[in-house]
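This report describes the architecture of the chains shown below and the contact between them.

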Amino acid sequence: MAAAIFQGFGASTALSLSKSIDSKRVKLPFGRSLSERRASFVVVGSDGRLVSDSSRARKLVTNAVATKADSAASTSASKPGHELLLFEALQEGLEEEMDRDPHVCVMGEDVGHYGGSYKVTKGLAKKFGDLRVLDTPIAENSFTGMGIGAAMTGLRPIVEGMNMGFLLLAYNQISNNCGMLHYTSGGQFKIPIVIRGPGGVGRQLGAEHSQRLESYFQSIPGIQMVACSTPYNAKGLMKAAIRSDNPVILFEHVLLYNLKERIPDEEYVLSLEEAEMVRPGEHVTILTYSRMRYHVMQAAKTLVNKGYDPEVIDIRSLKPFDLYTIGNSVKKTHRVLIVEECMRTGGIGASLTAAINENFHDYLDAPIVCLSSQDVPTPYAGTLEEWTVVQPAQIVTAVEQLCQ
Amino acid sequence: MSAAFSSVRAVCHPGSFAGEKRGPPATAASGKFASGFLGSSGKVWFGALPAYVRAAPSARRRGSFSVVAVSDVVKEKKPKRSSSPPDLLVTKEEGLELYEDMVLGRTFEDMCAQMYYRGKMFGFVHLYNGQEAVSTGFIKLLKQEDCVVSTYRDHVHALSKGVSSRAVMSELFGKTTGCCRGQGGSMHMFSKEHNLLGGFAFIGEGIPIATGAAFTSKYRREVLKEADCDHVTVAFFGDGTCNNGQFYECLNMAALWKLPIVFVVENNLWAIGMSHLRATSDPQIWKKGPAFGMPGVHVDGMDVLKVREVAKEAIGRARRGEGPTLVECETYRFRGHSLADPDELRDPAEKAHYAARDPIVALKKYIRENNLASEAELKAIDKKIDEVIEDAVEFADASPPPSRSQLLENVFADPKGFGIGPDGRYRCEDPKFTEGTAHV
């Protein structure tokens, strides 16, 4: 079922560098130590800058918030905080919450002894035992339902979809039970569950393993959805999702697990309902999330060189939209470009377009432009796959046209 | 084949179901039923083919089974009514409790049909008439903390579990006093207080939920170290569900982790218009238990005392931490699938046959024959229930419908899901979204 899941591991988000990255890509060296693996990775800071990891002392932004261009690059190794990869940040958040609350438990395929297909639950089974980190049979429908039943009766389970796409098999449970049951029970039962897993277009994983399910899930009432994009927000959102009394779907991206970032040592929890200002600007609002954030930041670099000053917002909360942050930006720039990896038809971008038009139409100087993935099953061939998702050059062109 | 089976049998040998220590079974009541149904032989089925299999020529070819994992409670002991004092299956109090619960279920459902035709309730309404012995036989053995997971045919499970007739009737009337404030309806009955985890309207989806509830019991005992947590979950579902993957997936997980759960199949022989025999390669559902390493039991679902015997054992097993049990209760629904079902496919003779085996009549007979209670006492119960139901209808009718402000309540347990900030106000007033909301 999960044949190809590891291929994306280690692949970079930086398209322009894909050649050099490919040559360095490490395939599944799980036998080796982490540091060995890290050494050969190219790392993208959360502001989208590329950092070659060959010099380990090279700085990364301290957190994912709001740094203009390269101005935040002056951190140093002596800075407080600790550096880790995105999957480690998720793991750290999970572990902290499991330490904090014994009702928090994990269930899914290979989450226990194996440590999760992307190592997000690495070491947890050893620490917390097999029942708290439960390896389930391959039965998405039933173990997701089981998580919901456990949530109804007092636990706070995190259900991992080994690949987000597999959760299509659990769609009924996610929709009818996760989403609706609090309501149909007249508010009697809460479903404090987190459903999470790797999704998005990876590196030639084929159609079924390259799905963006946020568009499928967005119209389910009663569910919150967030997408993480940096180690900092991955950890903070994971912790917030676990603490929420609502069912939350946390979207991770197969190509982002190896992003490295320095994050604070002290505990922090993010808001599930807030967008993240990645780069303040004046000319155009670019709304994006998950992996496309990095394509946008690459384009932003070019745009800045061309004299544009784009404002980049990682919307993070896919449901509900943070229309407060988004609205303020629209009122400032009067132009909106949406860049998403989701499908064109009925995707997050379509919903976002509608919400902005309904609420801020008077502030718009130009129609909203939405760049989405093509409505095709993600092809296997590298070239075709590349043309399926939005590339930085397209973003540059779109902004140029929008700002004419 | 038989060798493999006997090893299975050894693994999951239902020793606890052999009724050495138990009193004589419910044969006194059932022994006189019309022949042709498994219950008519006066025993929990053991080895011989049940009636519905005997009736099917295609199934008969597969007729010799070497494995059984059923109770021979009944088979081994013949009731000796001459012996004194009679070794009865229930005390007077228990007998009357069962009787009252079954009458409650029946009367409630009959009233639902009336109210439906009078336009007081709408949608799909699935009535439980005829199957009362299953709900009563199991649920009356449960504690308040034990969980029940039901299907779309859930009114009577709710009543048996202790949800008031008023709350259930009001829910059906779509009133705010309903057990789910009018937000659930006929197929979505819930009660947190009574640990009724729901009416689940799609086939099979309740089984994973039940498995999760059972997982919580195990988790509380083993991880949270609540040594006294011996809560059991009972999942009810029908014969049609037993061809659905969730059924098998959950049998596997429940047996794998020895979860405290009882899977109760209410085999009423029909999935709307699909005969069980036309849908199922091997119609003996109970046999799927041993295949997963748990006991499978086949019991006459028209005989509440036999159901109760089996339920006692299965629930006890779960409570002791010995794992799940699959119980197939052979029963029959006296009405169509739902009130919208013209019920044209079922043979009138078949219906008449089962109508003659009405579980309430049978229990009444048992009570009377064993002098557990007088006719007057039973009549008094009937009357009391009539009044309860009348009261429920009056209550539901007089209750207010939900107000508009209720519409957006309960969508999220934490209203931040609506984009509501820490100050309790929307972070952005999206008119499409916020209009009509009052207090969330």
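## An enclosed strand in chain A

In β6(A), the side chains of R156(A), I158(A) and E160(A) point one way while P157(A) and V159(A) point the other way, and all of these residues are buried. The coordinates come from a predicted model. Strand β6 of chain A spans residues 156-160, and because five of its five residues are buried, the strand is largely enclosed by the rest of the structure.

Two pairings involve this strand. Strand β4 (residues 104-108) of chain A pairs with β6(A) in the parallel sense over five bridges, and within that pairing C105(A) has P157(A) as its bridge partner. Strand β7 (residues 194-199) of chain A also pairs with β6(A) in the parallel sense, over three bridges. Here V159(A) is found opposite I195(A) of β7(A).

## Helix α10 of chain A and residue L303(A)

Helix α10(A) has 14 residues, and its first and last C-alpha atoms lie 20 Å apart, close to the 20 Å expected at 1.5 Å a residue. The helix is mostly covered, with 10 of its 14 residues buried. The buried residues are M292(A), R293(A), Y294(A), H295(A), V296(A), M297(A), Q298(A), A299(A), A300(A) and L303(A). Just after the helix, G307(A) adopts a positive phi of about 95°.

Why does L303(A) count as buried? The residue has 24 C-beta neighbours inside 10 Å, and the classification as buried requires 20 or more. L303(A) belongs to helix α10, which covers residues 292-305 of chain A. Neighbours within four places in sequence aside, its contacts are Y308(A), P310(A), V396(A) and V399(A). L255(A), 48 residues away along the chain, has its C-alpha atom 24 Å from that of L303(A).

## Helix α12 of chain A

Helix α12 (residues 348-360) of chain A comprises 13 residues and reaches 17 Å from its first C-alpha to its last, close to the 18 Å expected at 1.5 Å a residue. Its buried residues include I348(A), G349(A), L352(A), I356(A), N359(A) and F360(A). Viewed down the axis of α12(A), the buried residues fall within an arc of 105°, so they line one face of the helix.

## The open sheet of chain B

In chain B, six strands form an open sheet in the order β2-β1-β3-β4-β8-β7, with parallel pairing. Strands β2 and β7 (296-300) of chain B stand at the edges; each has a single partner strand, so one side of each is left without a neighbour in the sheet. On average, neighbouring strands of this sheet are turned by 15° against each other, direction ignored.

One of the pairings joins strand β4 (residues 261-267) of chain B to strand β8 (residues 325-330) of chain B, in the parallel sense and over six bridges. The bridge partner of V264(B) in β8(B) is V327(B).

## The two chains overall

Chain A contains 14 helices and 16 strands, and buried residues make up 60% of its 404 residues. Of the contacts in chain A with a separation of 6 or more, 76% are between residues 24 or more positions apart. Chain B contains 18 helices and eight strands, and 52% of its 440 residues are buried. For chain B, residues 24 or more positions apart account for 77% of the contacts with a separation of 6 or more.

## Contact between the chains

At the interface, 46 residues of chain B are in contact with 49 residues of chain A. On the chain B side, β2 (196-199), α10 (206-222), α11 (245-256) and α18 (431-434) each supply at least two residues. The largest share of that side, 10 residues, comes from α10(B). By class, the side of chain B that touches chain A consists of 21 nonpolar, 14 polar and 11 charged residues.

Note on methods. Residues numbered from 1 in each chain as written. Chains lettered and ligands numbered in written order. Predicted model: local features only at pLDDT ≥ 70, side-chain atom pairs only at ≥ 80, totals over all residues. Contact = placed C-beta atoms within 7 Å. Helix = DSSP H or I, 4+ residues; strand = E, 2+ residues; numbered from the N terminus. Nonpolar A, V, L, I, M, F, W, Y, C, P; charged D, E, K, R; others polar. Buried ≥ 20, exposed ≤ 12 C-beta atoms within 10 Å, placed from the backbone. Expected span 1.5 Å × (residues − 1). Arc of directions from axis to C-beta. Pairing = 2+ DSSP bridges. Axes fitted to C-alpha atoms, helices over the stretch in contact; angles between N-to-C directions.
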